[in-house]
Amino acid sequence: MVISMKLIVINGVNLNRTGMREKGVYGTQTLAEINAEIEAYAKERGMEIDFFQSNLEGELCTVLQQAGENGYDGVILNAGAFTHYSYAIRDAIASVDVPVVEVHMSNVHKREEFRHTSVISEVCKGTILGFGKASYLLAVESFRL
Ligand code: DQA
């Protein structure tokens, strides 16, 4: 199949604990298991997809900064708690032309007040939240429309 688009899924702080932490909120599947499903979903649709996770804010900024030069047509970003206060990640997104779709597995608006604010939404192409792992699949889909 011809690869039409190359995406990267970037997961931020604590997302490596998916499947082990707050299972009632984030489910029981590990990030590796979820990533395998996202990869299969993207491949079925002729898209190439890579994955990156870090608990370090600066590392996430570097990967965002380099998304264009590394050949990515789009970024799917779950910044975790950094979403709510990281102006550094916000500026990294704003510094590149590659479209970034913000993703959250949980419906952050149903949760604690501090999660209701996203400092990155304004510089993202769009936001998908509240659908569990399917939030990532819907984000992949958004790049096909
Ligand atoms: C999250 C929501 C954030 O508030 C939280 O800090 C996370 C995960 C989500 O996917 O629902 O780590 O981004």
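Reader: In which helix does Ala 40 lie?
Author: The model discussed here is predicted. In this predicted model, Ala 40 belongs to a helix that covers residues 31-44. The element in which Ala 40 lies is helix 2.

Reader: Is Ala 40 buried, partly exposed or exposed?
Author: A residue is buried under 20% relative accessible area and exposed over 50%, with partly exposed in between. The relative accessibility of Ala 40 is 36%. Because this value falls between the two cut-offs, Ala 40 counts as partly exposed.

Reader: What distance separates the C-alpha atoms of Ala 40 and Met 105?
Author: Ala 40, in helix 2, and Met 105 are 65 residues apart along the chain. Met 105 is also one of the residues that surround the ligand. Between the C-alpha atoms of Ala 40 and Met 105 the separation is 19 Å.

Reader: Which residues have a polar side-chain atom at 2.9 Å, 2.8 Å and 2.7 Å from an oxygen atom of the ligand?
Author: The ligand is surrounded by residues that include Leu 15, Tyr 26, Gly 80, His 104 and Arg 115. For the value of 2.9 Å, the polar side-chain atom belongs to Arg 21. At 2.8 Å from a ligand oxygen lies a polar side-chain atom of Asn 78, and the residue at 2.7 Å is His 84.

Reader: What percentage of the area that the ligand exposes when taken alone does the protein bury?
Author: A polar side-chain atom of His 84 lies 2.7 Å from an oxygen atom of the ligand. Taken alone, the ligand exposes 320 Å². Of that area, the protein buries 98%.

Reader: How do the residues of the shell around the ligand divide into nonpolar, polar and charged?
Author: The ligand takes up the space of the largest pocket. The residues around the ligand include Ala 81, Ser 106 and Val 108. The shell divides into five nonpolar, five polar and two charged.

Reader: Near what value is the phi of Glu 22?
Author: Glu 22 is found in the loop between strand 1 and helix 1. With 40% relative accessibility, Glu 22 counts as partly exposed. Its phi is positive in a residue other than glycine, and the value is near 30 degrees.

Reader: Is Gly 19 buried or exposed?
Author: Gly 19 is found in the loop between strand 1 and helix 1. Its C-alpha lies 20 Å from that of Asp 50, and the two residues are 31 apart in sequence. The relative accessible area of Gly 19 is 9%, so this residue is buried.

Reader: Which residue has the backbone nitrogen that the side chain of Ser 54 reaches?
Author: Ser 54 lies in the loop between strand 2 (47-53) and helix 3 (57-65). Ser 54 counts as buried, because its relative accessibility is 3%. At 2.9 Å, its side chain reaches the backbone nitrogen of Leu 56.

Reader: What distance separates the C-alpha atoms of Ser 86 and Asn 70?
Author: Ser 86 lies in the loop between strand 3 (74-80) and helix 4 (87-94). With a relative accessible area of 0%, Ser 86 is buried. Ser 86 and Asn 70 are 16 residues apart along the chain, and their C-alpha atoms are separated by 23 Å.

Reader: How far apart in space are Asn 107 and Gly 132, C-alpha to C-alpha?
Author: The place of Asn 107 is in the loop between strand 4 (100-104) and strand 5 (126-129). Asn 107 counts as partly exposed, because its relative accessibility is 27%. Asn 107 and Gly 132 are 25 residues apart in sequence, and from C-alpha to C-alpha the distance is 8.5 Å.

Definitions and conventions: Residues numbered from 1 in each chain as written. Predicted model: local features only at pLDDT ≥ 70, side-chain atom pairs only at ≥ 80, totals over all residues. Heavy atoms only, no water. Near = heavy atom within 4 Å. Polar contact = N/O pair within 3.5 Å; in protein donor to acceptor, adjacent residues only side chain to side chain. Areas by Shrake-Rupley, 256 points an atom, 1.4 Å probe, with all protein chains shown as cover. 1 Å grid on protein atoms, 1.4 Å probe; cavity = no way out; pocket = protein on both sides within 12 Å on 5 of 7 lines; lining within 4 Å. Sits in = over half its atoms within 2 Å of the grid points. Nonpolar A, V, L, I, M, F, W, Y, C, P; charged D, E, K, R; others polar. Helix = DSSP H or I, 4+ residues; strand = E, 2+ residues; numbered from the N terminus. Buried < 20%, exposed > 50% of the residue type's maximum accessible area, 1.4 Å probe, protein only.
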